Amino acid sequence: MTAHTTPAGPAAGPRAARRRLIRELLLVAGFFTVYKAGRLLSTDRTGEAFRNADRIWDAERLLHLPGEGAVQRLLLHGDAVVTTANTYYAAVHFPATALFLVWLYLRRPAHYLWTRRVLAVLTGAALVLHLTYPLAPPRMLPAARLIDTGQVYGPTVYRAAPDADTLANQFAAMPSLHFGWALMLAIGVIVATRGGSGAKGGKGSPWRLLWLLHPLVTLLVIVGTANHYWLDAIVAAALLGIALLVVPRPRAGDRHATDTERSTGTDTDTGTGTGPGSEAGTGADTDAEGAALPRPRRKSTAEAVGAGK
């Protein structure tokens, strides 16, 4: 008796893709919900948060880090500049990260899994620090003599009174996930587009390095608006470095097949390429007697993500 596998019906693929997409959405949403709920556990530790703020401020002066006020003075040269900075802080953080993950899921499944895991490790470590080390931001610290640009110029995501803010923990300044996520976004895009189509020597376009402007602008915004200290960003970068060391990067062969097709001029679905072991003009592999051999089916995005989990 010969064993064989009956292929699934035409609806099996779309159903499986929908299940994997729903699973990813629930996974990301669930993790974010746990993180937001966990942050709120330390909102009432006001005294400890201000003592830690004094220590951070003194440590920065001991390390001769530039004062946060120098960046804020640059933003205060015009109302439009500071309002733009406040808007960037309030409106870019989550949408940019979400769009980045969606692009990876659709175009670079292996890199999506890698990025999701790195962000999970980074965010989990940040939550531990938020709970164990509450920290008042520099806009609340009298010694810093900084303006709360969100309250004065708008827009802001925080209430004027931290103890009345039920949507955000204003004492979760260390580390800055605004900066950590922005830095991972830039690194993720640069790595995922390395060796893309049209690149010389498989290095990718040097223009992709411009994505580093996103974490740079984010750094200036979070410091200039007095929402974070320099050390908040430094600690976030250190935690991201640890996460990148812990989570293995995708192998070169894990890149999405569409990029290989574009760079080689072949189409694995239509079989129009030519080369050794294929018939000219058809791209079909043949056996010793010239009979066409079945070609392996390329995995869809959902299948690639589901395989990696």
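Glu 48 is partly exposed, with a relative accessible area of 26%. Here buried means under 20% relative accessible area, exposed means over 50%, and partly exposed lies in between (1.4 Å probe, protein chains only). Glu 48 forms a salt bridge with Arg 45, and their closest N and O atoms are 3.0 Å apart. A salt bridge is counted when a side-chain nitrogen of Lys or Arg lies within 4 Å of a carboxyl oxygen of Asp or Glu. Arg 45 is likewise partly exposed, at 26% relative accessibility.

The model is predicted: local features need pLDDT of at least 70, side-chain atom pairs count only at pLDDT 80 or more, and totals for chains, interfaces and linings use all residues. Residues are numbered from 1 along each chain as its sequence is written, and side-chain values use heavy atoms, with hydrogens and water left out.

The protein chain has 12 helices and zero strands. Helices (H or I, at least four residues) and strands (E, at least two) are DSSP runs, numbered from the N terminus. Read along the sequence, the pattern is α-α-α-α-α-α-α-α-α-α-α-α. Of the 309 residues in the protein chain, 39% are buried. The protein chain exposes about 16900 Å², and carbon and sulfur atoms supply 65% of that area. Accessible areas come from the Shrake-Rupley method with a 1.4 Å probe; for residues, only the protein chains shown count as cover. Contacts mean heavy atoms within 4.5 Å. Among contacts between residues at least 6 apart in sequence, 78% join residues at least 24 apart.

Side chains of opposite charge can pair when their charged atoms come close. The count of salt bridges comes to four. Besides the Glu 48 and Arg 45 pair, Glu 60 and Arg 61 meet through their side chains at 3.4 Å, N to O. Glu 60 is buried, with a relative accessible area of 0%. Arg 61 is partly exposed, at 28% relative accessibility. Glu 60, Arg 61 and Glu 68 are linked in a network of salt bridges. Arg 61 also lies over the face of Trp 57, at 4.1 Å from the ring centre. For this, NZ of Lys or CZ of Arg must be within 6 Å of the ring centre and within 35 degrees of the ring normal. Elsewhere, Asp 148 forms a salt bridge with Arg 139, with the closest N and O atoms 3.7 Å apart. Arg 139 counts as buried, at 12% relative accessibility.

The structure holds four aromatic pairs. Rings of Phe, Tyr and Trp (its six-membered ring) pair if their centres lie within 6.5 Å; planes under 30 degrees apart count as stacked, over 60 as edge-to-face and the rest as tilted. Phe 50 and Phe 171 form an edge-to-face pair, 6.1 Å centre to centre, with 75 degrees between the planes. Phe 50 lies in helix H2 (residues 46-62) and Phe 171 in the loop between helix H7 (149-153) and H8, so the pair ties together parts that are 121 residues apart in sequence. Phe 50 is partly exposed at 26% relative accessible area, whereas Phe 171 is buried at 2%. The rings of Phe 94 and Trp 181 also form an edge-to-face pair, because their centres are 5.7 Å apart and their planes stand at 80 degrees. This pair links distant parts of the chain: Phe 94 is in helix H5 (residues 93-107), Trp 181 is in helix H8, and the two are 87 residues apart. Phe 94 is partly exposed, with a relative accessible area of 38%. Trp 181 is buried, at 10% relative accessibility.

Other positions also bring separate parts of the sequence together. Asn 86 is found in helix H4 (residues 79-91). Asn 86 is buried, at 3% relative accessibility. Not counting residues up to four places away in sequence, Asn 86 touches Thr 149, Gly 150, Tyr 153, Gly 154, Pro 155 and Thr 225. Arg 55 is found in helix H2 and is partly exposed, with a relative accessible area of 48%. The C-alpha atoms of Arg 55 and Leu 135 are separated by 9.7 Å, and these residues are 80 apart along the chain.

Trp 207, Leu 210, Leu 213, Leu 216, Val 217 and Leu 220 make a nonpolar surface patch of about 600 Å². Patches are made of residues with over 30% relative accessible area and no salt bridge: like charges are joined within 9 Å, nonpolar side chains (Val, Leu, Ile, Met, Phe, Trp, Tyr) within 5 Å. Leu 210 lies in the loop between helix H8 (177-192) and helix H9 (213-224). Leu 210 is partly exposed, at 46% relative accessibility.
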